[in-house]
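Colleague: I have the sequence and the structure open side by side, and I'd like to walk through them with you. Could you take my questions as they come?
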Amino acid sequence: MTRERSAYHELRIARIVQETADTRSFVLDVPAALRDRFAYRAGQFLTFEVPWRETTLGRCYSLSSSPACDAELVFTVKRVAEGRVSNWMHDALRAGDAVRVLPPAGHFVLDAGSTRPLVLLGGGSGITPLFSILKTALATTERRARLVYANRDADSIIFRESLAALAARHRARLAMHHHLDAERGFLDAAGLRTALAGETDAEFYLCGPTPFMDLVESVLREAGVPRARIRVERFVSPPDGAVPEAVRAAGGPQSAAGPRTITVHLDGATHELLYAPGKTILQTAREAGLSPPFACEEAYCGSCIATLVQGRVEMAACHALDASEIEDGLILTCQAKPISPVCEVRWD
Ligand SMILES: Cc1cc2nc3c(=O)[nH]c(=O)nc-3n(C[C@H](O)[C@H](O)[C@H](O)COP(=O)(O)OP(=O)(O)OC[C@H]3O[C@@H](n4cnc5c(N)ncnc54)[C@H](O)[C@@H]3O)c2cc1C
Ligand code: FES
């Protein structure tokens, strides 16, 4: 693990809120000196480092609080059967305890420039970033919103009362559709189309179990919604220590030696950087004094995603991107090493 270059902080748990039988929210106490560092956008997550036997495990948890509506930072954890960190959070963490945590990161956020309606589709714990995005959009924009939220049964609905209060307060702008497996079986394509009510001109935010996301993505793509308007957050854990097979990305000639320099576009500027063999693109950019986004450095959080404009890279691991995203030219810069004479990368 390359933790030393990531700035972990110790924050105290101020309070714990039992949301449902298997879900708890943890309210963080952020000291005044760290408030700027922990400023966040709705939809972002925190990365935690948690002690586990003789080692540590890294896990991401989305902020369920809204930067526009809530004074405190809150993350919400659902127990996963046999899951190590989620159960540790529930069973070991108490108010007053400190946790090691990286500042907020992630691209699953509201597009500030857009006025399109929002359609948020969540399953189970996938509601956490969507809840933050929904509260923020209703408080700070005029956008219409629709939430489709799938759960096992009524008792599993996380933030049930807060969601009902939001729906009542924003009756004219917010449509809310709860799907309960216990009543209607798993959500299927026909049920989803009904819940979407013909909404195709919106921006879509998806977060939930993989089969749920696959269903939603296929229904949206069938309805002609372009990929650029579908944002996806995947709740995955990084693998334990296994050295994964390398994933290659993009076409073009391959050269084991890699390039002498790489070109990177970041924050509207273009930089030509000297490339030392063996370094990742993220390392190269940071060592040149740039500040590209990153968090876990272990291929699972997606904070470091960039577009490969030219060339070819090899990624040691790639859990945060699916095959079609890799095909579209997205790469994880914390993993990607150039393997072609020319390499050009853009952080959007
Ligand atoms: C960006 C992001 C945001 C997230 N936000 C949230 C959030 O807001 N709320 C939330 O609840 N979760 C969230 N997650 C998911 C969270 O990070 C964890 O993945 C989740 O809590 C499970 O972690 P765990 O350690 O409890 O389970 P793990 O120990 O990782 O286990 C996961 C599953 O794998 C199985 N397993 C464990 N070890 C092994 C093994 N060695 N071999 C085979 N199977 C094994 C377990 O039985 C379990 O079913 C988010 C993830 C990401 C990437
Ligand atoms: S920094 Fe987390 S995937 Fe690259």
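Colleague: Are F48 and F75 buried or exposed?
Modeller: In this predicted model, F48 and F75 are both buried.

Colleague: And what kind of aromatic pair do F48 and F75 form?
Modeller: The pair is tilted, with 4.5 Å from centre to centre and 45 degrees between the planes. It links distant parts of the chain, since F48 belongs to strand β3 (residues 45-52) and F75 to strand β5 (residues 73-78), 27 residues apart.

Colleague: Which rings are linked with them into a cluster?
Modeller: Ring pairs join F26, F48, Y61 and F75 into a cluster, and the structure as a whole holds six aromatic pairs.

Colleague: What about F108 and Y205, how do their rings sit?
Modeller: Their centres are 5.4 Å apart and their planes stand at 70 degrees; planes over 60 degrees apart count as edge-to-face, so the F108 and Y205 pair is edge-to-face. This pair also links distant parts of the chain, with F108 in the loop between β6 (98-105) and β7 and Y205 in strand β10, 97 residues apart.

Colleague: Why do you call F108 buried, and why Y205?
Modeller: Buried means under 20% relative accessible area, and F108 qualifies because its value is 3%, while Y205 counts as buried because its relative accessibility is 0%.

Colleague: Now to α5, which of its residues are buried?
Modeller: In helix α5 (residues 189-196) the buried residues are L192, A195 and L196. They cover an arc of only 95 degrees around the axis, which means that they lie on the same side of α5.

Colleague: What do the buried residues of α5 pack against?
Modeller: They pack against strands β7, β8, β9 and β10, and also against helix α6 (210-222). Just after α5, A197 takes a positive phi of about 50 degrees, in case you are following the backbone there.

Colleague: Changing topic, where does the charged end of K135 sit?
Modeller: The charged end of K135 sits over the ring of F131, at 4.0 Å from the ring centre.

Colleague: Last one, how does β15 pair with β17, and how with β19?
Modeller: Strand β15 (residues 305-310) pairs with strand β17 (residues 330-332) in the antiparallel sense over three bridges, and I305 has L332 in β17 as its bridge partner. Three bridges also join β15 to strand β19 (residues 344-346), again running antiparallel, where the bridge partner of L308 is V345.

Definitions and conventions: Residues are numbered from 1 along each chain as its sequence is written. Chains are lettered from A and ligands numbered from 1 in the order in which they are written. This is a predicted model: local features need pLDDT of at least 70, side-chain atom pairs count only at pLDDT 80 or more; totals for chains, interfaces and linings use all residues. Side-chain values use heavy atoms; hydrogens and water are left out. Rings of Phe, Tyr and Trp (its six-membered ring) pair if their centres lie within 6.5 Å; planes under 30 degrees apart count as stacked, over 60 as edge-to-face and the rest as tilted. Helices (H or I, at least four residues) and strands (E, at least two) are DSSP runs, numbered from the N terminus. Buried means under 20% relative accessible area, exposed over 50%, partly exposed in between (1.4 Å probe, protein chains only). A charge sits over a ring if NZ of Lys or CZ of Arg is within 6 Å of the ring centre and within 35 degrees of the ring normal. Two strands pair if DSSP finds at least two bridges between them. The arc is that of the directions from the helix axis to the C-beta atoms. Contact means heavy atoms within 4.5 Å.
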